[in-house]
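Keep the viewer open as you read.

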Amino acid sequence: MPVPVVVGTDGSGAAKRAVEWAAADAARRHRPLHIVHAARIWPYQVRRFTPPDGLERASRAGSDVLLEAEKHVRARWPELRVTTALAVNTPPDALRDESEKALELVVGQRGRGGFVGLLLGSVSLRVAGHSPVPVVVVRGEAGADRGEVAVGWDIEDEAVDVLEYAFDAAAVRGARLRVVHAWQIPASLTESGYAVDEDQMNDERRAGVIAAYAPLREQYPLVEVVNEVIVGHPVSALSKVSRTADLLVVGVSRHRSGLPGLGSVVHGAIHHAECPVAVVGPSR
C-alpha cells in the first residue's frame with residue numbers, strides 16, 4: 001500500500017483546514033489519508049497519574065474529533081482511503097510515531113488542547129526540525145489555486161531534498177515552480193567601502209541555483225521553472241512570493257553539530273507566509 005499523508009487534528013478551525021489540505025493533497029497524489037488525534041489528559045500525561053475517568057473522557061472526546069474529521073473528508077473525497085488513530089501521548093511524539101513512514105505530515109498553524117502552538121516554539125524543533133518526513137504547516141489561503149509553488153533555496157546550506165519535494169509538488173499540481181534565492185551583502189564589505197557588483201553576484205548565484213536543480217529538470221520536464229535571485233532578506237523575499245503561491249517550500253539546514261534544526265529563516269517563513277509552508281529536512 002502506498003505510504004499515507006498524515007494529518008494531526010484537534011477539531012479546531014485551523015486543524016480542520018489542515019485536514020482539508022491534507023485530504024486534497026492525498027487525493028491528487030493518489031495516496032491514503034491518515035488522521036491522528038492526541039488525547040489530552042494534561043496535567044496527567046503519564047498514565048500512572050491519570051485520574052480513573054480522565055483517559056476515558058479524553059478518548060471519547062478524541063474519538064468524536066476523529067469521527068467528525070473522517071465524515072467531512074469522506075463526504076468531499078468519497079474515493080479517498082481514510083484511516084484514523086487516537087494516541088495518548090504528547091502531540092509531537094504522537095505525530096512523530098504515526099508519521100514515521102508517511103509521505104508527509106500536515107498540521108495547522110495553531111490549535112487547541114494537545115496541539116496548541118504546534119510548530120511555534122519548542123514543539124517546532126521537535127516536529128519540523130527533526131521529522132523524518134516533510135512537515136506542511138497549513139496557514140494563509142490554504143485552498144487557493146494560484147498555479148504556482150515557490151521554494152526558497154540556499155546554495156550554501158541546503159541539501160537537494162527541498163528542491164526534489166518542490167518539483168514533485170509542482171508536478172502533481174500542474175503548477176509553475178518559482179525558485180527563490182535571496183542573499184545579503186555582508187555588512188563588513190559595505191562598512192569597509194568595498195564596491196560590490198550586485199549584477200555579477202546575482203549572475204553567479206543564479207548559475208549555482210540552476211546547476212543545483214538541473215538534474216530535476218530532466219526528471220520533471222513538464223514543470224515550468226522561474227528563477228528569482230535577489231538582494232534582500234530571505235524571510236522578506238519568501239513572504240512576498242507566498243502571496244501568489246499555493247505552497248511555499250523551505251529547507252531545514254544542518255547545524256555545525258551535524259544535526260538538523262529550524263533556523264531563523266524557516267521560523268520567519270512559518271510566521272509570515274500567506275500560504276501553506278512545507279518544511280523539508282535532509283534525508284535520513
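**A strand and its neighbours**

Strand β6 (residues 148-152) runs parallel to β9, and the two pair over 3 bridges. Pairing here requires that DSSP finds at least two bridges between the strands. Strands themselves are DSSP runs of E, at least two residues long, while helices are runs of H or I with at least four residues, and both are numbered from the N terminus. This is a predicted model, in which local features need pLDDT of at least 70, side-chain atom pairs count only at pLDDT 80 or more, and totals for chains, interfaces and linings use all residues. Residues are numbered from 1 along each chain as its sequence is written, and side-chain values use heavy atoms, leaving out hydrogens and water.

Now look at Leu248 in β9, which is the bridge partner of Ala150. Leu248 also has a bridge partner in β12, namely Val277. Strand β12 (residues 277-280) pairs with β9 in the parallel sense, over 4 bridges.

What covers the two faces of β9? On one side Leu247, Val249 and Gly251 are buried, and on the other Leu248 and Val250 are buried too. Buried means under 20% relative accessible area, with a 1.4 Å probe and protein chains only. Because 5 of the 5 residues of β9 (residues 247-251) are buried, the strand is largely enclosed by the rest of the structure.

Stepping back, the chain has 9 helices and 12 strands. Of its 284 residues, 50% are buried.
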